[in-house]
Amino acid sequence: MAQLLFKDVNKVYPNGYHAVHDFNMEIGDGEFICLVGDSGCGKSTTLRMIAGLEDITAGEFYIDGKLANNMSSRDRGIAMVFQSYALYPHLTVYENLAFGLTLEGIDADVIEEKVQATAKILGLTEYLERFPRQLSGGQCQRVAVGRALIRKVNIFLMDEPLSNLDAKQRVTMRSEIKQIHRSVGATTIYVTHDQTEAMTMSDRIVVMKSGGYVQQIGTPHELYFYPKNLFVAGFIGEPPMNFIRGKVQDGKMTSYGLSLDLKPVVKDLSAIEGREVVFAFRPESVKVGKQKGAYSITSNVELTELLGDTTNVYATVGDGENSVNVILKVSPHDTPETGSSFTFSVPNVSAYVFDAETENVIENDIVRR
């Protein structure tokens, strides 16, 4: 296992593009960390700096307390799994797994033992004599993971390893990778654009924004219930959080025909009086009809999607051009008719208020649930 420490790490390419800005983080032994964000946010660049495939322009990077800025990739104790499986098509599964060990000159008996043990962990024993073309995408990905696993390194780096798989295979491989991590215990840094992968697999998540800016670092629970700004709030969660912009007058946000008293969710109303704010709530937090201790909002139903256990309701708040779109998740038994008027409630404990100018959340003492 290994500890990693980043101190004001920056990456600037020769053309002047600043890919990563002041990355600061400490990663503990055996942690599973996910880097998420939209395209061009610097998550893969950060991973490549850890691997030693990209030079660090400024700042310091430590592995187990040793400055690693100029340490060779070979000396970092790292194994990397890429988006493409990068298997040798002319070699069997056994030979693909054994390839790195063979190059190191390890005895055949030791290689046999390591290959068999790794294949057992990954459920590949019966496929050892097959070639990559005879395997499914999920099986190829397990071989790619196995090649990293067999080296017994302290740090695993994974760059969107599941993006080439179908939805069912991704679900299966998420579980398998997490189980492998538990059994091996290596520190793992995992890059993905899929926030569902990050939420279900990681101990902590790093949310990055275009231009290489870290927006928030925290556990899945912290990011979901306590987002620090609009970007994190909108990125984490599926469907995304709903945002309604308005202006505060006399402690109430007025917008799209709404007049929402913010006293239950804002500690210091005087600080936002006369300012533009964003009232926000998650689709799954709403209740049908009017409720006590909640904001009651009337909407017009545009479309519904039955998903089995829930229904997505696409609706508008307000009329005509003076309206805003919202997405609600309700029970299939409470699905409203398209074109109807639908009243829903947002519990005070599920409501958020953000400053429209800074985009930061306005703090309060609410315990989220």
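These questions and answers walk through a predicted model, one part at a time. Residues are numbered from 1 along each chain as its sequence is written, and side-chain values use heavy atoms, with hydrogens and water left out. Local features need pLDDT of at least 70, side-chain atom pairs count only at pLDDT 80 or more, and totals for chains, interfaces and linings use all residues.

Student: How many cavities of 30 Å³ or more does a search of the whole structure find?
Tutor: On a 1 Å grid over the protein atoms alone, a cavity is a set of points where a 1.4 Å probe fits but cannot get out. Points are joined across faces, edges and corners, and a volume is the space filled by probe spheres set on them. The largest cavity has a volume of about 40 Å³. At 30 Å³ or more, the search of the whole structure finds one.

Student: Which element gives the most to the lining of the largest cavity?
Tutor: Lining residues have an atom within 4 Å of a cavity point. For the largest cavity they are F32, F156, M158, I177, I180, H181 and T188. With three residues, the element that gives the most is α5.

Student: Which residue of β10 does I205 stand opposite?
Tutor: Strands pair if DSSP finds at least two bridges between them. Strand β9 (residues 204-209) runs parallel to β3 (residues 32-37), with five bridges, and I205 is the bridge partner of C34. Five bridges also join β9 to β10 (residues 213-218), antiparallel this time. There, I205 stands opposite G218.

Student: Which strands stand at the edges of the open sheet of five strands?
Tutor: The order is β15-β19-β16-β17-β18, and the pairing is antiparallel. An edge strand here has a single partner strand, so one side is left without a neighbour in the sheet. The edge strands are β15 (287-288) and β18 (322-330).

Student: Is N312 buried or exposed?
Tutor: N312 lies in strand β17. Leaving aside neighbours within four places in sequence, its contacts (heavy atoms within 4.5 Å) include P239, L303 and L328. Buried means under 20% relative accessible area, exposed over 50%, partly exposed in between (1.4 Å probe, protein chains only). At 6% relative accessibility, N312 counts as buried.

Student: Which side chain makes a polar contact with the side chain of N312?
Tutor: A polar contact is a pair of N or O atoms within 3.5 Å; within protein, one must be able to donate a hydrogen and the other to accept it, and residues adjacent in sequence count only if both atoms are side-chain atoms. In β18, the bridge partner of N312 is K329. The side-chain contact, at 3.1 Å, is also with K329.

Methods
1 Å grid on protein atoms, 1.4 Å probe; cavity = no way out; pocket = protein on both sides within 12 Å on 5 of 7 lines; lining within 4 Å. Helix = DSSP H or I, 4+ residues; strand = E, 2+ residues; numbered from the N terminus.
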